[in-house]
Amino acid sequence: MDTHVALGLGLGFTAILAALGGLLLTIAFQLNRKPVRDSIFDERQKGTLFLFDGETLVDCTPGGQAVLGASHVPGTPWVKLLAYLSAPFPQIDQQLARLEEEGVVTLASEDSSGQPLLLMAEQRGGLSRITLIDAETKDRSLVHDPLAHRSMTEDLAFLRSMLSQAPFLAWREKDNGDIIWANTAYLLRAGDLFPGKELTWPLPRLFERTATVQGASGQRQKLTFPDRSVSWFDLISMPDGDGRRVYALLADSAVQAEATLRDFMQTLTKTFAHLPIGLAIFDSRRQLQLFNPALLDLTGLPPDFLSLRPSLLSVLDALRDHNMVPEPKDYRGWRRQITDLERAASSGVYEETWNLPGGQTYKVIGRPHPNGALALMIEDISTEITRTRRYRADLELGQSVIDSMDEAMAVFSETGILVMTNAAYVQLWGHDPAESLTSDGITSLSRHWRSQTAPSKLWSEAEEFVGTIGDKEVWSDEVRMLDGRLIICRLAPLAGGATLVGFRVQQATKEPSPLSAAERRSA
């Protein structure tokens, strides 16, 4: 009995050990097992398959992922797939629309490379299963998926075509300077630069090596061809492993535009250099950008100060330090005046005359320019002001001279307009033409004279004399005023076709008194 019990216990213990060993092996196997891809299809699934719910992608094989990745059209996977299949299968969207009714759609086509392609689509449980097969190889292995390989091949061919036909020069070079790859544009330029020379690897260098080293991007280089024509290029260099990638962009238009602008600026500079008006141009930030020599002569500012491109406020402060601005009563008011000057000049309304402490008179004009720029023009008008003042003084002197004369005078221009009278004229006729804003003519004045004198044909003759153009002789006549005074009117031609009309009151002659009786006796 004890033997049987012992035997049973031994067998049970052995079974338990075996079960534990199996459990441990299972756990070890699960730990060493690779995780399963979260996909309906097994990752070893052959071929290119897609599973759609309507137009929503449910899952696809790695070959399908390669096809979708090869499509350059942005959008959903359904849009990418239709764009990829539109070349070998024209009207593919209409063909797949029949899938819901027919259940199965099979298409065969031939793409641009001449390789036949099969498409099989079927409806299963409300899902659309689309399979693409390379009809020539029939190989569906994952490692050698023909459609995935062909998609990558087409993508690579597309990129090579794009880069090869690019309108700019592109090449790759090693650190030692050897060019190991170049696109078609580079080869064509090399053929033009070295005519008759056979191009071998490594390719000949077109640009100086110092222009393509790392950190030298943005340099501008030129190529001179055998026919002496010149082309300019902007170089862009990027590090690439043990070498670098370099791009050369044609810059002929930019160089020509810069040369045109430079010539234009030189023309403007030469023109401004001969202007007698001082010119200072400030940009939108109110920094001095351009000035001419006349500004130096008029303001006395040092050239090195203006070459530093000072601000507008700095220039005006420097002018104040050189006594080249009107001296303000207080500095605070002066700063406010500067701010008003800038604001007024920006709106195009600033124009002022500066009477300087040194006796000069400057005319300052501010004009706005496009993009917020500002131009200040300073002109020395001292001579003009002096001439105007002298002319005004001469007029005042002449007026004072004729005002001191006893004869009343009125001077008419060649067209019969009154230009000058004297004080005796105002006193005689009680009429001052200077108080009127209108220009009186001989007709209106003769009407006034006629109203204060006895009827006479003198005034009609005077109108005719003043209005006559050509040689005229001096003549005079008498007319009596309403108060009984006798006036001698004298008309005389002056230089420039002007006419002088003078009026002199004839003093009454004193009659001799009768002799007294005593005087008669003595006589």
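User: Which residue is the bridge partner of F233 in β10?
Analyst: In this predicted model, F233 is bridged to L250 of β10.

User: How many bridges join β9 to β10, and which way do the strands run?
Analyst: Eight bridges join them, and the strands run antiparallel. β10 covers residues 243-250.

User: What sits between the strands in that hairpin?
Analyst: Two residues separate β9 and β10 there, and G241 has a positive phi near 65°.

User: And β8, how does that pair with β9?
Analyst: β8 (residues 220-224) pairs with β9 (residues 230-240) in the antiparallel sense, over five bridges. T224 stands opposite V230 in β9.

User: What about the turn between β8 and β9?
Analyst: The hairpin has five residues between the two strands. R228, in the turn, has a positive phi of about 70°.

User: Which elements supply at least two residues of the largest cavity's lining?
Analyst: α9 (293-299), α11 (312-321) and β15 (374-380) each do. α11 gives the largest share, three residues.

User: Which residues are we talking about, and are they polar or nonpolar?
Analyst: The lining includes A280, L295, T299, W354 and I378. By class, 10 lining residues are nonpolar, one is polar and none is charged.

Key. Residues are numbered from 1 along each chain as its sequence is written. This is a predicted model: local features need pLDDT of at least 70, side-chain atom pairs count only at pLDDT 80 or more; totals for chains, interfaces and linings use all residues. Side-chain values use heavy atoms; hydrogens and water are left out. On a 1 Å grid over the protein atoms alone, a cavity is a set of points where a 1.4 Å probe fits but cannot get out, and a pocket is an open set with protein on both sides within 12 Å along at least five of seven lines; lining residues have an atom within 4 Å of a point. Helices (H or I, at least four residues) and strands (E, at least two) are DSSP runs, numbered from the N terminus. Ala, Val, Leu, Ile, Met, Phe, Trp, Tyr, Cys and Pro count as nonpolar, Asp, Glu, Lys and Arg as charged, and the others, Gly among them, as polar. Two strands pair if DSSP finds at least two bridges between them.
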